[in-house]
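This report describes a protein model by its overall composition, its sheet, a surface patch and its charged pairs. Please read it alongside the sequence and the structure shown here.

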Amino acid sequence: GYLGSADSPWCAALEDARKHLDKPLTIRQKLIQDNFRRVCGSLIYINITCRPDLSTAVGFACRGMASPTRFHIMLLERTLLYAYQNKDLGLCYTSARSSIDTDVIDTLAAKYPEINTGVTYQALDGSQRRIPYYAFSDANFGDLSDEKLRSTTGFCVYVFGCLVAWSSKRQTLTAKSSMESEIIAMASASDECMWIHGLITSCPVPFGFDANTKDFPPIPLLADNMAALTVANYPKTTGASKHLDLRLFRIRDCLGADGDYPRLRCLWCPTLFNVADHFSKLLKSIAFPRLVRHIVDMPYNATADSRKASATTKSCPQATAYVLITNYSWPAYGTTDHLYLVNHAQVAAYRHRPSDPFWLPHNAITLDTVDPDID
């Protein structure tokens, strides 16, 4: 009926449902309300087994498990309609290169040398090879639909271009800044990455490594928040991060901040290419298929996408979030030369550099006055 064709779990009627919770329910919605927990449980099972494209919608709907509102019921109704109309979608594991490799990783590596360095490693034979695993992390800061304004963590992990781990979960504490919410999301993603890195270390051959390999390349974790990347990569607590829970800084252990071999490397990527954006927020139909095609085997029509982009831009010139890659204005790589300092020796050496006004005050010591024996 009014829900129409479901090309994504989101529709304009859901925005109205958030504002008008007292409107009467239809017969179908009352049936869903009576069986709300049962329907949510069935969708959770489908989500964690073979349909990661349902993760965000199911997660938001399950927040009303105790007392579902009209918004939760309509979102669950819409999700059921989307799942029914797209029941042939699912995970696709293939030996051929997937769209996440060709359209995301290759594109970013060709545009940004920093990312190209982060996703390659030197094999035992001396050749440069592409790292077969990588992860994306994102967070939706301060969801207004949540009574406690909790943010949503989203991350996904790929091995050989195939999605092997994903999560969309409301954070357990209220973040007071987007940087904090992103740090929480990156810490959650690092836990999953460490498990996968440990699996690769114990069984390297199926992952394309030589059995004699000792130091395995760290897992690239791509995020789009510069402040969070700086806090994660720079081993120093500042005024903006001193209030964070100490357990969130375990990501620095993964980065090798204490001299250990790094098992994780945090890299920046543009928001347009951050696949984890799907797991952190309810995307509208104009952006949903662009990311979901990297998650499940959804067919993608570039011609239809271009036509929709033109129509959206014509009707709403301010719609800058929906742009084609061919018209994309590539930003400069989000980094400074202090961003990827990991061990304390590098940090100490950097602090004594006289050329950086960001970290050095006017009376800072310089290389000319530093005792070389001082760590």
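## Terms and basis

A residue is called buried under 20% relative accessible area, exposed over 50% and partly exposed in between, with a 1.4 Å probe and protein chains only. The model is predicted, and local features therefore need pLDDT of at least 70, while side-chain atom pairs count only at pLDDT 80 or more and totals for chains, interfaces and linings use all residues. Residues are numbered from 1 along each chain as its sequence is written, and side-chain values use heavy atoms, with hydrogens and water left out.

## Overall composition

The secondary structure comprises 14 helices and seven strands, taken as DSSP runs numbered from the N terminus (helices H or I of at least four residues, strands E of at least two). Of the 375 residues of the protein, 48% count as buried. Its accessible surface, from the Shrake-Rupley method with a 1.4 Å probe and, for residues, only the protein chains shown as cover, comes to about 18,700 Å², of which 56% belongs to carbon and sulfur atoms. Among contacts (heavy atoms within 4.5 Å) with a separation of 6 or more, 69% are between residues 24 or more positions apart.

## The sheet

An open sheet of mixed pairing is formed by five strands in the order β5-β4-β3-β6-β7, where two strands pair if DSSP finds at least two bridges between them. Strands β5 (162-170) and β7 (264-268) stand at the edges with a single partner strand each, so one side of each is left without a neighbour in the sheet. On average, and with direction ignored, neighbouring strands are turned by 20° against each other; the axes are lines fitted to C-alpha atoms, for helices over the stretch in contact, and angles run from 0 to 180 degrees between N-to-C directions.

Strand β4 (residues 152-159) pairs with β5 in the antiparallel sense over eight bridges, and Gly-154 has Ser-168 in β5 as its bridge partner. Helix α9 (residues 226-233) packs on the sheet, where it touches β6 (219-223) and β7, and its direction makes about 155° with that of β7.

## A nonpolar surface patch

Ile-44, Tyr-45, Ile-46 and Ile-48 form a nonpolar patch on the surface, with about 390 Å² of accessible area together. Patches are made of residues with over 30% relative accessible area and no salt bridge, like charges being joined within 9 Å and nonpolar side chains (Val, Leu, Ile, Met, Phe, Trp, Tyr) within 5 Å. Ile-44 belongs to helix α3 (residues 36-49) and is partly exposed, with a relative accessible area of 33%.

Side chains of opposite charge can pair when their charged atoms come close. A search of the whole structure finds 10 salt bridges, each a side-chain nitrogen of Lys or Arg within 4 Å of a carboxyl oxygen of Asp or Glu. One of them joins Arg-78 and Asp-7 (3.8 Å, N to O); Arg-78 lies in helix α5 (residues 70-85) and Asp-7 in the segment before α1 (12-19), so the pair ties together parts that are 71 residues apart in sequence. Arg-78 is buried at 3% relative accessibility, whereas Asp-7 is partly exposed at 36%.

The side chains of Glu-77 and Arg-28 also meet in a salt bridge (2.7 Å, N to O), and as Glu-77 lies in helix α5 and Arg-28 in helix α2 (residues 27-34), the pair ties together parts that are 49 residues apart in sequence. Glu-77 is buried, with a relative accessible area of 4%, whereas Arg-28 counts as partly exposed at 43%.
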